[in-house]
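Please have the sequence and the 3D view at hand.

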Amino acid sequence: DAERLDWASVGVNFDAIAETMQALADNGLPPVYVMMFDEAWRFIEGLFEIVGPILRDEGLELESSLYGWALEVPELDAKKGEKIGQNFGVPHRDLSYTDSHMADGASSIISVWVPIRDATLDNGCMYVVPREHDPLFAAVEDRAHLAPHTERFPWQYARALPAKQGSVLSWHPNTIHWGSGCTTYADEPRKSIAMAFRVPQSRQPMPEKDLRSQRRLPFTKAEIQNGLSLHERVVFCTRCVYLYKVWHPTFDGLNKEKLGFGLN
């Protein structure tokens, strides 16, 4: 509940973060580059205390697959295609049940989504299918488990998640979810930051395939508290964009020659 979270007391101004994300998008940069700034990292640091009890582990770690979204009011010209930072509107699971739970059934990773501006039915709130209405929630052997939109989709049980600025929404990564688009009726398009927290490596090591795609181990709370250098922030943001490069077909910031360094 955003009304119970005193973000201002830890120096977090979501209006300032939202304005920075918009300025980035207006200048052709993916909104995730807001992570170049201290205020965004203070917000992330504050999430450790909130998410810890959900995973029942105070030693939780932050995956480096964080991403920022800045929706825009749609245009009627279909030839222009998707814009920087738009939503992913296809119902999906981020991970299978097996990849997001430990052998005893406890969660090993949790998805966290925070609206930087109020998320409403008009400007692009999230939708989920609660697990009690999802017959394939743990059915990893079913071919539709990781392609839930293809068959037997429980549309009648989809639930919208409008949320106030600064609210912390979380769900299992194998929960069916998707982001809605911004309509022409919205006062202001939705902006949000999504990420995943996982139990420490000592409890369950990150799968090799995830380590290869993210190119580093998850961040500990101590790393976040100590702060990332400017170079580390550039590399972090650029790696995040690389993970979501399908959304940025015209963005040339991934050119290693222009960056002046590699991403390894």
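Is Cys-240 buried or exposed? Cys-240 is buried, at a relative accessible area of 0%, where buried means under 20% relative accessible area, exposed over 50%, and partly exposed in between (1.4 Å probe, protein chains only).

The model is predicted: local features need pLDDT of at least 70 and side-chain atom pairs count only at pLDDT 80 or more, while totals for chains, interfaces and linings use all residues. Residues are numbered from 1 along each chain as its sequence is written, and side-chain values use heavy atoms, with hydrogens and water left out.

**Cysteines and helix 6**

A disulfide is a covalent bond between the sulfur atoms of two cysteines. Here a disulfide is taken as a pair of cysteine sulfur atoms within 2.5 Å, and by this rule there are zero disulfides. For Cys-240 the closest cysteine sulfur is in Cys-237, at 6.3 Å, which is too far for a bond. Cys-182 is buried as well, with a relative accessible area of 7%.

Cys-237 and Cys-240 are both among the buried residues of helix 6, which also include Arg-233, Val-235, Phe-236, Thr-238, Arg-239 and Val-241. An α-helix has 3.6 residues a turn, so residues three or four places apart point the same way. The expected span of a helix is 1.5 Å times one less than its number of residues. For the 14 residues of helix 6 this gives 20 Å, and the end C-alpha atoms are 20 Å apart, which agrees.

**Fold and core**

The protein has seven helices and eight strands; these are DSSP runs numbered from the N terminus, with helices being H or I of at least four residues and strands E of at least two. Of its 264 residues, 48% count as buried. With contact meaning heavy atoms within 4.5 Å, residues 24 or more positions apart account for 79% of the contacts with a separation of 6 or more.

A nonpolar core is a set of buried Ala, Val, Leu, Ile, Met, Phe, Trp, Tyr and Cys residues joined through side-chain atoms within 4.5 Å. The largest such core has 44 residues, of which Met-35, Phe-43, Ile-44, Leu-47, Ile-116, Met-195 and Phe-197 touch the most other members. The elements giving two or more residues to this core are helix 1 (14–26), helix 2, strand 2 (67–70), strand 3 (109–115), strand 8 (191–198) and helix 6 (230–243). Helix 2 gives the most, with eight residues. Leaving aside residues up to four places away in sequence, Ile-44 touches Met-35, Leu-62, Leu-66, Met-195 and Phe-197. A second, separate core of eight residues includes Ala-119, Met-126, Ala-163 and Leu-169.

Ala-8, in the segment before helix 1, is exposed at 60% relative accessible area. Lys-221, in helix 5 (residues 221–226), is partly exposed at 32%.

| Pair | Separation in sequence | C-alpha to C-alpha distance |
|---|---|---|
| Ala-8 and Phe-43 | 35 residues | 9.8 Å |
| Lys-221 and Ile-44 | 177 residues | 9.4 Å |

**Pocket and cavities**

Spaces are found on a 1 Å grid over the protein atoms alone: a cavity is a set of points where a 1.4 Å probe fits but cannot get out, a pocket is an open set with protein on both sides within 12 Å along at least five of seven lines, and lining residues have an atom within 4 Å of a point. Grid points are joined across faces, edges and corners, and a volume is the space filled by probe spheres set on the points.

The largest pocket has a volume of about 810 Å³. Its lining has 30 residues, of which Ser-65, His-92, Asp-94, His-177 and Tyr-244 lie nearest its centre. Strand 3, strand 7 (177–179), strand 8 and helix 4 (208–214) each supply at least two lining residues.

There are two cavities of 30 Å³ or more, and the largest cavity has a volume of about 40 Å³. Among the residues lining this largest cavity are Arg-93, Asp-134, Glu-151, Arg-152 and Ile-176.

**Backbone at two arginines**

Arg-152 lies in the loop between strand 4 (126–128) and strand 5 (159–161). Its phi is near 50 degrees, a positive value in a residue other than glycine, and Arg-152 is exposed at 52% relative accessibility. Arg-56, in the loop between helix 2 (38–55) and strand 1 (61–62), has a positive phi near 55 degrees and is exposed at 76% relative accessible area.
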